[in-house]
Amino acid sequence: MGSIVSRSMEDGMSKNREFVKELNTIMVERQLHSQNQMRERLMAMQIARARELLNWLSVFYAVSVTSLFTSYRRTRKPGFLMPIIPLSFILAYQADLSYGTKLHRIRAEAEHIMQHESDTILLPCGLPTVSSIDLARQIDSERQKLHPHMPTL
């Protein structure tokens, strides 16, 4: 009689473990998808921001070049044309970032760094551990008790 109950409980516990494992897997997958969607939205916002900045820079460039050429035609001093060179580079960079392949080149360089130069992106003192986080939390709690008027970090 005891062995029947024992087997039944073991079967129930093993099914429960499998169910919990499946739930954890689903939860981790959902978190990964959620983080990826947030990353994609942030990237879309950055690209949209770059394109909006390009619009403003284009108008500024057009107005500046027009006024510089007008000043050059009036005075015949070539110094008025010099600002066109750096302004052209700025506009070209922003156009490449907004509509060109700049983001692809940046991503490729980041992948290269992560694969071949991973030591340059390591965190100082390594990854935080649970004990280091708890220690920092305890120190902060003690600091708050001693100095309640000071804001927490």
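1. Arginine 76 is placed in the loop between helix 1 and helix 2. In this predicted model, its phi is near 60 degrees, a positive value in a residue other than glycine. Arginine 76 has a relative accessible area of 58% and therefore counts as exposed, the cut-off being over 50%.

2. A positive phi is also found at cysteine 125, where the angle is near 70 degrees, again in a residue other than glycine. Cysteine 125 belongs to the loop between helix 3 and helix 4 (130-146). With 86% relative accessibility, cysteine 125 is exposed.

3. Is serine 64 buried or exposed? Its relative accessible area is 12%, so serine 64 is buried. This residue is part of helix 1 (residues 2-75), and its side chain reaches the backbone oxygen of phenylalanine 60 at 2.8 Å.

4. An unreviewed UniProt entry lists residues 53-72 as "transmembrane region". In the model, the chain over residues 53-72 is 100% helix and 0% strand. The end C-alpha atoms of that stretch are 28 Å apart.

5. How do helix 2 (residues 84-99) and helix 3 (residues 102-116) meet? Their axes come within 6 Å and cross at roughly 75 degrees, which means that helix 2 is roughly perpendicular to helix 3. Helix 2 contributes Tyr93, Asp96 and Leu97 to the contact, while helix 3 contributes Lys102, Leu103, Arg105 and Ile106. By class, the contact of helix 2 with helix 3 has 4 nonpolar and 3 charged residues, and no polar ones.

Definitions and conventions: Residues numbered from 1 in each chain as written. Predicted model: local features only at pLDDT ≥ 70, side-chain atom pairs only at ≥ 80, totals over all residues. Heavy atoms only, no water. Axes fitted to C-alpha atoms, helices over the stretch in contact; angles between N-to-C directions. Helix = DSSP H or I, 4+ residues; strand = E, 2+ residues; numbered from the N terminus. Parallel < 35°, antiparallel > 145°, perpendicular 65-115°, else oblique. Contact = heavy atoms within 4.5 Å. Nonpolar A, V, L, I, M, F, W, Y, C, P; charged D, E, K, R; others polar. UniProt positions renumbered as here; feature names shortened; annotations may be inferred. Buried < 20%, exposed > 50% of the residue type's maximum accessible area, 1.4 Å probe, protein only. Polar contact = N/O pair within 3.5 Å; in protein donor to acceptor, adjacent residues only side chain to side chain.
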